[in-house]
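Subject: Structure for your review

Dear colleague,

Please find below the structure that I promised to hand over. My notes on what was found in it follow directly after.

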Amino acid sequence: MIGFKSYPKRKGTYMAFEDNTINYIKDYITNHIADWDWHKSEFDFISDTTLRDRLADEFISARYIYKMLEGMKADGWLLQAQIRIQILSFASIYEAVIHHLLFEELKKRTEVIGLTEFSTKKRISIPESKLEQLKSALEHDGKNIIPTYEGIGKTDVTKVRFDKKAECAFQLGLIEEWLKDELIEIYEARNAIHIHAEIRKSLDYQLELSKNAYRRMRPFIDQIRHNLSSIAKENV
């Protein structure tokens, strides 16, 4: 059996930050970001209250962690962590909002239905005697003839790719094309977060992308608020 070597430990006893340190950090952060209620109000167009609360949690926590690491002047490996958290958090928010709007608020639209439906051939069940007659009447290069008809297959909504959902949101008029393209780039970066990919891409590129992940939240919310009501009326 291979023994496990424990990680080295520092000598001495370490406690949590002292109250004055905690209060200083909290004051620094809260002086730069809005409170939880404001973050919740940003998603007032989300009808699912549980989801709206969860989005507020994700939004404020991403900002809180960013400001804390910013205050520490994060660089090197800690800056990499800061970038990773931003991309993961904001990409998840974009995906959750678009998914809810499409499959809850606008689920009757043909564009949305088309995300989970596809043409497929379905086999027809016929008696063996009839099948033998069909085989004798039809022949194709010595292959068996299987009676089918054109049907509709369905994919679960959880299997729909984000780029398809973002494209659908653009086609419906929820978001503009330039924003759609940038959201897809952010989400692809979220899916590609691993060490080898990070090595290949420059730190400057990753840092700018993480900043854009936050900056695009304002036009994302504004465009949806402006367009959603008129689109929803078309669905009535």
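Ile-25 touches Phe-17 and Met-68, leaving aside residues up to four places away in sequence. Please note that this is a predicted model. Ile-25 lies in helix α1 and is partly exposed, with a relative accessible area of 27%. Its C-alpha atom is 9.9 Å from that of Met-72, although Ile-25 and Met-72 are 47 residues apart in sequence.

Ile-25 also belongs to the meeting of two helices. On the α1 side, Ile-25, Lys-26, Tyr-28 and Ile-29 meet Tyr-64, Lys-67, Met-68, Glu-70 and Gly-71 of α3. Two packed helices are described by the angle between their axes and the distance between the axes. Helix α1 (residues 19-30) and α3 pack at an angle of about 115°, and their axes are 9 Å apart. The crossing of α1 and α3 is right-handed.

As for the chain as a whole, eleven helices and two strands are present. Read from the N terminus, the elements run α-α-α-α-α-β-α-β-α-α-α-α-α. The chain has 236 residues, of which 35% count as buried. Among contacts with a separation of 6 or more, 77% are between residues 24 or more positions apart.

The largest nonpolar core has 45 residues, and Phe-43, Phe-45, Val-97, Leu-102, Leu-174 and Phe-220 touch the most other members. At least two residues of this core come from each of α3, α4, α5, α7, α8, α10 (203-215) and α11 (217-234). The most is given by α4, with 13 residues. For Leu-102, the residues touched are Lys-107, Val-112, Leu-115, Lys-165, Cys-168, Ala-169, Leu-172 and Leu-174, not counting residues up to four places away in sequence.

Leu-106 is placed in the loop between α4 (76-105) and α5 (110-116). Is Leu-106 buried or exposed? Its relative accessible area is 0%, so Leu-106 is buried. Leu-106 and Ile-231 are 125 residues apart in sequence, while their C-alpha atoms are 8.2 Å apart in space.

I turn next to the aromatic residues. The structure holds seven aromatic pairs. One of them is formed by Phe-43 and Phe-59, which are edge-to-face, at 6.0 Å centre to centre and with 65° between the planes. This pair links distant parts of the chain: Phe-43 is in the loop between α2 (36-41) and α3 (49-71), Phe-59 is in helix α3, and the two are 16 residues apart. Both Phe-43 and Phe-59 are buried.

Why does the pair of Phe-162 and Tyr-187 count as stacked? The ring centres of Phe-162 and Tyr-187 are 4.4 Å apart and the planes are at 25°, so the pair is stacked; the cut-off for stacking is planes under 30 degrees apart. Phe-162 lies in helix α7 (residues 162-172) and Tyr-187 in helix α8 (residues 177-191), so the pair ties together parts that are 25 residues apart in sequence. Phe-162 is buried at a relative accessible area of 6%, and Tyr-187 is buried at 14%.

One aromatic cluster is formed by Trp-38, Phe-43, Phe-45, Phe-59, Phe-90 and Tyr-214.

Two other residues may be of interest to you. Asn-212 is placed in helix α10 and counts as buried, at 14% relative accessibility. Beyond its neighbours within four places in sequence, Asn-212 is in contact with Tyr-94 and Ile-186.

Lys-73 is placed in the loop between α3 and α4. With a relative accessible area of 72%, Lys-73 is exposed. Most residues other than glycine have a negative phi. The phi of Lys-73, however, is near 55°, a positive value in a residue other than glycine.

With kind regards

Key: Residues are numbered from 1 along each chain as its sequence is written. This is a predicted model: local features need pLDDT of at least 70, side-chain atom pairs count only at pLDDT 80 or more; totals for chains, interfaces and linings use all residues. Side-chain values use heavy atoms; hydrogens and water are left out. Rings of Phe, Tyr and Trp (its six-membered ring) pair if their centres lie within 6.5 Å; planes under 30 degrees apart count as stacked, over 60 as edge-to-face and the rest as tilted. Helices (H or I, at least four residues) and strands (E, at least two) are DSSP runs, numbered from the N terminus. Buried means under 20% relative accessible area, exposed over 50%, partly exposed in between (1.4 Å probe, protein chains only). A nonpolar core is a set of buried Ala, Val, Leu, Ile, Met, Phe, Trp, Tyr and Cys residues joined through side-chain atoms within 4.5 Å. Contact means heavy atoms within 4.5 Å. Axes are lines fitted to C-alpha atoms, for helices over the stretch in contact, and angles run from 0 to 180 degrees between N-to-C directions. A crossing is left-handed if the near helix is turned anticlockwise from the far one by less than a right angle, and right-handed if clockwise.
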